[in-house]
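Work through these exercises with the model open. Each task is followed by its solution.

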Amino acid sequence: GTVSELWTGFFQVIQRANNLLFYMTKAQSVMSSADYNRVIAEAKVLRAMAYWHLIAYFGDVPFFTAPPASQEEIYDFKRTDKKVIINFLLNDLETVVPNLNWDPAQPGRVSRGVARGIAARLAMLDKNYDEVIRLTNDVINNSGYGLNPVYQNLFRKAGQAANVNKEIMFFY
């Protein structure tokens, strides 16, 4: 049951992101370009996060970048080499990062740090350590994230309050 739930849940995220990306053009005339680009970037980051989970758990998986045209198309999909998926997603994330802020105005929104973090995780799966270093250094040097200076304080209310939201990059 758990394996099926993981598989189904992450593909549900991918399907929703693909639907949003496919139909988002209909909203372009009623949104500012900044909001439009941010929503697209957020959907691509969430899709990449779902694929990261699937690849980490299952290796090669079916790869969807648009809503299926028919029910039969879903059943005809074969597994795609994880390297192909990772390369696509890394390129996708690199193109949308400029549309995300390091510190979003609304809590729970996808930030540039989250996008970089997901990209670093994908690069780790690919054993592309130079890319991991580049991505994580960008987060370390340019974001407001940071580790609590005293590890034990993570387990005390006062210590947690002193470092509020600096360690947590994304909550969902």
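The model is predicted.

**Exercise 1.** Count the aromatic pairs, then classify the pair W7 and F58.

*Solution.* 
- The count is ten aromatic pairs.
- For W7 and F58, the ring centres are 5.0 Å apart and the planes stand at 80 degrees. Planes over 60 degrees apart count as edge-to-face, so this pair is edge-to-face.
- W7 belongs to helix α1 and F58 to helix α2, so the pair ties together parts 51 residues apart in sequence.
- W7 has 27% relative accessibility and counts as partly exposed. F58, at 26%, counts as partly exposed too.

**Exercise 2.** Classify the pair F11 and F64, and decide whether each residue is buried or exposed.

*Solution.* 
- The ring centres of F11 and F64 lie 5.7 Å apart, with planes at 90 degrees, so this pair is edge-to-face.
- F11 sits in helix α1, and F64 in the loop between β1 (61-62) and α3 (71-76); they are 53 residues apart.
- Buried means under 20% relative accessible area. F11, at 13%, is buried. F64, at 10%, is buried.
- One aromatic cluster includes W7, F11, F58 and F64, along with Y51.

**Exercise 3.** Find which charged end sits over the ring of W52.

*Solution.* 
- It is that of R121, 4.5 Å from the ring centre.

Note on methods
Residues are numbered from 1 along each chain as its sequence is written. This is a predicted model: local features need pLDDT of at least 70, side-chain atom pairs count only at pLDDT 80 or more; totals for chains, interfaces and linings use all residues. Side-chain values use heavy atoms; hydrogens and water are left out. Rings of Phe, Tyr and Trp (its six-membered ring) pair if their centres lie within 6.5 Å; planes under 30 degrees apart count as stacked, over 60 as edge-to-face and the rest as tilted. Helices (H or I, at least four residues) and strands (E, at least two) are DSSP runs, numbered from the N terminus. Buried means under 20% relative accessible area, exposed over 50%, partly exposed in between (1.4 Å probe, protein chains only). A charge sits over a ring if NZ of Lys or CZ of Arg is within 6 Å of the ring centre and within 35 degrees of the ring normal.
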